[in-house]
Amino acid sequence: MERQKIGIASDHAGYQMKEFLVGYLDGMGWDVHDLGTHSEESMDYPDVAHPLARAVESGELGCGIALCGSGNGISMTLNKHRGIRAALCWTPEIAELARKHNDANICSLPARFIENTTAAEIVDRFLDTAFEGGRHQTRVEKIPVK
């Protein structure tokens, strides 16, 4: 993926990993926009998921990274937005397929179930993989409810 503005958001369970990834991505030359949360104090993941989804939908951000404890809650919230295809990724291979076959625009991570090094590998693969198009384009076009 071309180096562009990337958004990142997490709840309290993903805060430490988010902080690690912000530094990691910044060091790789990405223009990282941290939408919070900014502490480990308990909070509700929709409060950061909706702003991330709106920014990706509008094109303000090219793509996003989202974290919560399991990765499920934040993914469910993100995917309520018509223009979002958030994929729960727990291995680099899943991240690659999410981009290649599903044109995922947000990578969701299960912060309580992976290590920082694995998160970095997943994010790298997600950002380095292009959408394949072709037969997958028709499938992606059928995702939104009309």
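**Close-up 1. What lines the largest pocket of this predicted model.** By class, five nonpolar, three polar and two charged residues make up the lining of the largest pocket. Here Ala, Val, Leu, Ile, Met, Phe, Trp, Tyr, Cys and Pro count as nonpolar, Asp, Glu, Lys and Arg as charged, and the others, Gly among them, as polar. You'll find Asn79, His81, Arg82, Ile84, Arg85, Ala86, Asn102, Ile143, Pro144 and Val145 around the largest pocket. A pocket is an open set of points on a 1 Å grid over the protein atoms alone, where a 1.4 Å probe fits, with protein on both sides within 12 Å along at least five of seven lines; lining residues have an atom within 4 Å of a point. The space inside comes to about 180 Å³, a volume filled by probe spheres set on the points, which are joined across faces, edges and corners.

**Close-up 2. Helix H4 alongside helix H5.** The axes of H4 (residues 92-102) and H5 (residues 116-128) come within 8 Å and cross at roughly 20°. So H4 is roughly parallel to H5 (angles under 35 degrees count as roughly parallel, over 145 as roughly antiparallel, 65 to 115 as roughly perpendicular and the rest as oblique). Axes are lines fitted to C-alpha atoms, for helices over the stretch in contact, with angles running from 0 to 180 degrees between N-to-C directions. Helices (H or I, at least four residues) and strands (E, at least two) are DSSP runs, numbered from the N terminus. From H4, Pro92, Glu93, Ala95, Glu96 and Arg99 meet Glu121, Ile122, Arg125 and Phe126 of H5, with contact meaning heavy atoms within 4.5 Å. That contact of H4 with H5 has four nonpolar, no polar and five charged residues.

**Close-up 3. Helix H1 against H5.** The axes of H1 (residues 15-27) and H5 come within 10 Å and cross at roughly 50°, so H1 and H5 are oblique to each other. Met17, Phe20, Leu21, Tyr24 and Leu25 of H1 touch Asn116, Ala119, Ala120, Val123, Asp124 and Leu127 of H5. The contact of H1 with H5 splits into nine nonpolar, one polar and one charged.

Close-up 4. Between Gly36 and Thr37 the peptide bond is cis, with omega near 0°. Asp103 isn't a glycine, yet has a positive phi of about 50°.

**Notes.** Residues are numbered from 1 along each chain as its sequence is written, and side-chain values use heavy atoms, leaving out hydrogens and water. In this predicted model, local features need pLDDT of at least 70 and side-chain atom pairs count only at pLDDT 80 or more, while totals for chains, interfaces and linings use all residues.
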